[in-house]
Every structure is written in structure tokens, then in C-alpha cells.
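Here is a short briefing on how side chains pack in one protein model. Look at the sequence and the structure before reading the points.

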Amino acid sequence: IVNLFQVKQKQFVKIIDLKKGNQCNDNKDPVLERLELLGFRVGESLQVLEKGLFGGDPILVQIETSRFALRKNEAERIFVEIINEH
């Protein structure tokens, strides 16, 4: 199990957990809510397409036909298992 930011380019992964940010209180995390609305849900598969040149930030991912650029602090909240190496 790794967070999404640790995944290499071209790898396919499956989301197994989403963590709230440390600064958020118990009930609401607006970043997590936005990610879930975009389709980042437990059980969903996605592919890491590209990572930024400087430290890997931002990270470009694809879920089905949609592409999203995530900041490091967003990607680190999404925990995944690697489905295959590409």
C-alpha cells in the first residue's frame, strides 16, 4: 500500500483508502469531498500518466476517460495498491 504520489508514471492502481487532511475536523474535509465528487472513490482504478518535472508535483492521473492534475498534498491522501507495472 502506497499513497498515490509515490506511484510511478504509467502504473495502474486501485484506490483502497482516502485519508482526511490533518488540519480538518472530524466531519468535513473539502478537498476529500471534491476528490470523491470527481470519482476518486475506494475501489476505483486509475492510471498515473505523468508526474511534474520538479519533485513530481503535480501528478496527472486518468480515471476512465477523465484526466485530473493533483497537487502533492491531494495525492498523498489517496492510498492505492498497484495493479500492474508498466
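F68 is part of strand β5; strands (E, at least two residues) and helices (H or I, at least four) are DSSP runs, numbered from the N terminus. The model is predicted, so local features need pLDDT of at least 70 and side-chain atom pairs count only at pLDDT 80 or more, while totals for chains, interfaces and linings use all residues. Residues are numbered from 1 along each chain as its sequence is written, and side-chain values use heavy atoms, leaving out hydrogens and water.

- F68 counts as buried because its relative accessibility is 16%; buried means under 20% relative accessible area, with a 1.4 Å probe and protein chains only.
- Beyond residues up to four places away in sequence, F68 is in contact (heavy atoms within 4.5 Å) with L38, F40, I59, L60, V61 and I63.
- The C-alpha atoms of F68 and L38 are 8.7 Å apart, although 30 residues separate the two along the chain.

**The nonpolar core**

- A nonpolar core is a set of buried Ala, Val, Leu, Ile, Met, Phe, Trp, Tyr and Cys residues joined through side-chain atoms within 4.5 Å.
- The largest one here has 19 residues, and L4, F40, L46, V61, L70 and I78 have the most contacts inside it.
- Two or more of its residues come from each of β2 (12-18), α1 (30-38), β3 (45-52), β4 (56-63), β5 (66-70) and β6 (78-84).

**Charges over rings**

- A charge sits over a ring if NZ of Lys or CZ of Arg is within 6 Å of the ring centre and within 35 degrees of the ring normal.
- K19 lies over the face of F79, at 5.4 Å from the ring centre.
- The charged end of K51 is over the ring of F5, 4.8 Å from its centre.

Methods: Buried means under 20% relative accessible area, exposed over 50%, partly exposed in between (1.4 Å probe, protein chains only).
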